[in-house]
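Here is a short briefing on a protein structure. Look at the sequence and the model first, then read the points below.

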Amino acid sequence: MAEETLAGQVLKQVLKLHGLPMSSCTTRVMICLHEKGVEFELVPVDLFTGQHKQPPFLDKNPFGQIPVLEDGDLTIFESRAITQYISEKYKDQGTDLVHPGSLEQCTMVKVWSEVESHQFNPVISPIIYQFFVEPLQGKSPDQAIVDENLEKLRMVLDVYEERLGKTKYLAGDFFSLADLHHMPFLFYFMKTPWSSVVDERAKVKAWWEDISSRDAFKKVAEGMKFGEN
Amino acid sequence: MAVIKVHGIPLSTAAARVIACLNEKGLEFDLIPVDMGSGEHKKEPFLSLSPFGQVPAFEDGDLKLFESRAITKYIAQEYGDKGTPLLASGKEMAIVSVWMEVEAHQYDPVAMKLAWELALKPHFGMQVDDAVVAENEEKLGKVLDIYEARLSVSKYLGGDVFTLADLHHLPTLSYLMNTQAKKLFEPRPKVSAWVADIFSRPAWRKFLELREQK
């Protein structure tokens, strides 16, 4: 955190996270900040009026998406770049999320973080979108899209089931960013009618119960009321 | 036999990503072909190396990895003092990270759909889906507008020097520039210049020679 002097007082400049407390990508970063014990200010972005698609927000993230992190004069976007930055910068405090001290461990974190990005995320996010977002726009979920992606998700989680039979968490016997990145979408998925896809896989279910019981996650989950009043 | 092994084929964009990275580092490796036509990648023993059944799989001594962008990050870190530095440090690394995620989440899903339709399907004698092409050409155009603005203030995507953030784009770009999708690049001069620059790198040219042979 940068320090600046104002009227003789030394103030710590707090990280600013632009986003919303129910947004999956924002909460991905918030869970990480809580795991590392890093103070931050959540600056709400009004998606309904399109604040994210205009300047000045577009100057912070030209792709017009939340979240954005401001750390002094550094502005970064893409939730998984933000979590990586926080995990490295604050590596000496809170939970060790990337294990820089061990080549094998930090490499496994990279592998299973890529798995979340490229195998898990593309199949779970359409399901979450159909179930939670379409109704907000007055539409019914497209069951064909849901079914197609549930089938793919089952295949992905079969691989996780086998993996979690060998290691306690995805990258190894330690909780890491690789597990953390899954949490927002998994939390919402467990509120859909298709949560049995997780419950039917004993190791995946146990893993989810373990990681969702972490204090950092519970703090963030309080604000994750998507589609609930 | 070399210590480093890449299981895959040069046609695969993900395998190409890894080979380009190894070339940038000047590292020797064995390319072990995988017979994808007969589904070798969906069976053992390949699945033990890459459990989602995708190429490439990668070995460096006892270390066995999969997911091309984890492999390139591993290579760039482990062999940091060899060949081209492909990462950065401190705040500069944060920016490189951002643009690596942009490639993975904003660019690649769209570029891969287009490369599949326009370059790979014809190669396999499959029917091109014009609706998918039109939809993804429009999406790619919007992404490239953002790249044009970025490359107007930065020589490369991650900053002043070539990094993994640029390298990860090479395989799909190489397919797209040989199809009708190249029309999306022509009206964007900064993007076009960046593409020409990264295509001219010896490490990439060495990969293209390999792809020609195989």
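Asp60(B) touches Val3(B), Ile4(B), Tyr74(B) and Tyr79(B), leaving aside its neighbours within four places in sequence. The model is predicted, and every value below is computed from it.

- Asp60(B) sits in strand β3 of chain B, which covers residues 57–60.
- Asp60(B) is buried, yet it has no salt bridge.
- A salt bridge needs a side-chain nitrogen of Lys or Arg within 4 Å of a carboxyl oxygen of Asp or Glu.

**Fold of chain A**

- Chain A contains 10 helices and 6 strands.
- Consider contacts in chain A between residues at least 6 apart in sequence: 64% of them join residues at least 24 apart.

**Size and packing of chain A**

- The C-alpha trace of chain A spans about 60 × 50 × 30 Å along its principal axes.
- The radius of gyration of chain A is 18 Å, which agrees with a compact globule, because a globule of 229 residues would have a value near 17 Å.
- Of the 229 residues in chain A, 53% count as buried.

**Surface and charge of chain A**

- Chain A has an accessible surface of about 10,400 Å².
- Carbon and sulfur atoms account for 50% of that surface.
- Chain A holds 24 positive and 34 negative charges.
- The mean positions of these positive and negative charges lie 2 Å apart.

Notes:
Residues are numbered from 1 along each chain as its sequence is written. Chains are lettered from A and ligands numbered from 1 in the order in which they are written. This is a predicted model: local features need pLDDT of at least 70, side-chain atom pairs count only at pLDDT 80 or more; totals for chains, interfaces and linings use all residues. Side-chain values use heavy atoms; hydrogens and water are left out. Helices (H or I, at least four residues) and strands (E, at least two) are DSSP runs, numbered from the N terminus. The radius of gyration is taken over C-alpha atoms; the globule rule is 2.2 Å times the number of residues to the power 0.38. Buried means under 20% relative accessible area, exposed over 50%, partly exposed in between (1.4 Å probe, protein chains only). Contact means heavy atoms within 4.5 Å. Accessible areas come from the Shrake-Rupley method with a 1.4 Å probe; for residues, only the protein chains shown count as cover. Lys and Arg count as positive and Asp and Glu as negative; His and the chain ends are not counted. The place of a charge is taken as NZ of Lys, CZ of Arg, CG of Asp or CD of Glu.
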